[in-house]
Amino acid sequence: MGAKGLSLLSGGLDSQLAVRVLERAGAEVEGICFVTPFFAPDAAKKAAAALGIKLHLIDFTDDEIALVENPPHGFGGAMNPCIDCHATMIRRAGELMERLGYDFVSTGEVMGQRPMSQNKQSLGVVEKSSGLKGRLIRPLSAKLLEPTIPETEGKIDREKLLDISGRSRNRQIELAAELGIVDYPSPAGGCKLTEDGFGRKLRDLMEHEGLKNRRLVELLVVARRFRLPDGTGVLLGRDKTENDILKEADGVGTVVAPVNCPGPTALIPQIKSEADLRLAAELVCAYSRCDRLVGDITVRIGNDSSPVPRPYDRAKFKEFQIC
Ligand code: SF4
């Protein structure tokens, strides 16, 4: 025995099982997690600590943005380029594997678990486009797939790998109990890119400001979004946490906020017209709590402040709301 490798670790059950199954088959395993503004590594960190393995955190944002702009195998149900994303993660893991002199990359994929991205054909596409032929192990379904190089070299005991397939989670749950894995999140759909609402925000950003500004991409996870008639985008905070984030993002746009009553902070990356700017100020007022205020709301726009005349009508902005 004696193979050493990197296992993609999201923190989900299958990714944890893959580590334990490989260890049982004689391998030494470290985790690797790809971090983007759309996927936080909290669960992976927790799982690595529970499994007692080293975790490599890799910033994957530039790769993910490039794939969102041009996904060779298209998108899943939303703006999620899962097949290419997965193949690229595996390729990056393979590059690290080479640098570290390790033997394999592994994943917790289960054949047939996801109809689009985990059928036999997709698993083959991922292996081929990752350039890791023979060095990519799916320990949970390994016996249903061709033996990999570490298996044929006898460095990993193929007999101890598994033949799980399909959508049922029963075998994984039994195996978790057997291997002492007790803490795992319920199965989720994936990263933020798999969410419809998030996809709408992302597409809107792509079409208007573009995805070059990393800070604007990171801000996709917060705030309501509006696109005003002349093309000005407005991010509108939903609570104090989001308002504070938008205030601190002052450098990427103009901050608009009420001065004399409680209300949301807005961030405007690019002002396209004076008319839009007036509308943005009115939008902030429409979401402010001004019932006890006598007179108009004063709104700060950048370094200037000016009153915005009533009435403030939230319904008027529905047609401009992206998400
Ligand atoms: S769910 Fe997100 S992180 Fe996972 S493969 Fe799909 S696009 Fe990539």
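This is a predicted model: local features need pLDDT of at least 70, side-chain atom pairs count only at pLDDT 80 or more; totals for chains, interfaces and linings use all residues.

Q: Which hand does the crossing of H4 and H5 have?
A: The crossing of H4 and H5 is right-handed. By the definition, that is the clockwise case. (Helices are DSSP runs of H or I with at least four residues, strands are E runs of at least two, and both are numbered from the N terminus.)

Q: Why is H4 called oblique to H5?
A: The axes of H4 (residues 82-100) and H5 (residues 120-130) cross at roughly 45 degrees and come within 8 Å. Axes here are lines fitted to C-alpha atoms, for helices over the stretch in contact, and angles run from 0 to 180 degrees between N-to-C directions. Under 35 degrees counts as roughly parallel, over 145 as roughly antiparallel, 65 to 115 as roughly perpendicular, and the rest as oblique. So H4 is oblique to H5.

Q: What makes the contact between H4 and H5?
A: On H4, residues including Ile83, His86 and Ala87 take part, and on H5 they include Ser122, Val125 and Val126. Being in contact means that two C-beta atoms, placed from the backbone, lie within 7 Å.

Q: Why is Ala223 called buried?
A: Ala223 has 24 other C-beta atoms within 10 Å, so it is buried. The cut-offs are 20 or more for buried, 12 or fewer for exposed, and partly exposed in between, with C-beta atoms placed from the backbone. Ala223 sits in the loop between helix H9 (214-218) and strand E6 (224-227), and its phi is positive, about 75 degrees, although it is not a glycine.

Q: How many of the chain's 323 residues are buried, as a percentage?
A: Buried residues make up 44% of them.

Q: How do you know that the peptide bond from Arg310 to Pro311 is cis?
A: Its omega is near 0 degrees. Pro311 lies in the segment after strand E11 (304-308). Most peptide bonds are trans.

Q: Which residues does Leu283 touch?
A: Leaving out residues up to four places away in sequence, Leu283 touches Phe226, Val234, Leu236, Ala266 and Phe317.

Notes: Residues are numbered from 1 along each chain as its sequence is written.
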